[in-house]
Amino acid sequence: MIYMPTMMMMTSNNLLHLRPARLADRAPVIGWCNQLWNGEEDYIGEVWDAWQAEGNLFVGTQPPADLPVGLLRMRMLSADEAWFGGLRIHPDLHGRGGGRQLINTAVEWARERGATSLGYMTETANERMHYL
């Protein structure tokens with residue numbers, strides 16, 4: 001069964017509403033993702049179609065607007081091991097708690113599926129992620 005969260009309520013700021021990614025989200029998300037790494041193209045554009053086809057790709061929006069301002073992929077690797085990746089927050093929202101909220105959602109998602117471990121990988125230079 002694919003988990004389709006409808007709202008995230010994991011942090012006190014509740015900055016983002018999480019929903020499954022749609023085809024129409026692809027261009028705007030890739031557009032702002034490509035602004036995150038000092039002008040270097042983000043790999044999200046290369047993996048979007050495959051991740052969306054898996055049914056494990058979600059975007060965060062800020063109601064009442066439905067524009068995607070966050071991104072998160074969650075999946076189970078085995079019966080007790082979960083993985084999240086592709087965590088992105090629109091550059092205009094950095095430092096406001098959206099990244100922490102998406103991580104908390106991934107933790108809850110993994111627990112609900114019986115995972116005893118949750119992994120992710122990030123670049124050494126991605127210092128913000130080290131403190132989430």
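**Aromatic pairs in a predicted chain**

Okay, let's start with Tyr-120, which is partly exposed, at a relative accessible area of 37%; buried here is under 20%, exposed over 50%, partly exposed in between, with a 1.4 Å probe and protein chains only. Before I go on: this is a predicted model, where local features need pLDDT of at least 70 and side-chain atom pairs 80 or more, while totals for chains, interfaces and linings use all residues. Residues are numbered from 1 along each chain as its sequence is written, and side-chain values use heavy atoms, with hydrogens and water left out.

So, the fold. We've got 4 helices and 5 strands, as DSSP runs numbered from the N terminus (helices H or I, at least four residues; strands E, at least two). The order from the N terminus is β-α-α-β-β-β-α-β-α. Of the 132 residues, 42% are buried.

Now the rings. How many aromatic pairs are there? The count is 2, where Phe, Tyr and Trp (its six-membered ring) pair with centres within 6.5 Å, and planes under 30 degrees apart are stacked, over 60 edge-to-face, the rest tilted. Tyr-43 and Trp-51 are edge-to-face, because their planes sit at 80 degrees, with centres 6.0 Å apart. Trp-51 is buried at 10% relative accessible area, and Tyr-43 is partly exposed at 38%.

Then there's Phe-84 with Tyr-120: stacked, 5.1 Å between centres and 20 degrees between planes. Phe-84 is buried, at 4% relative accessibility.
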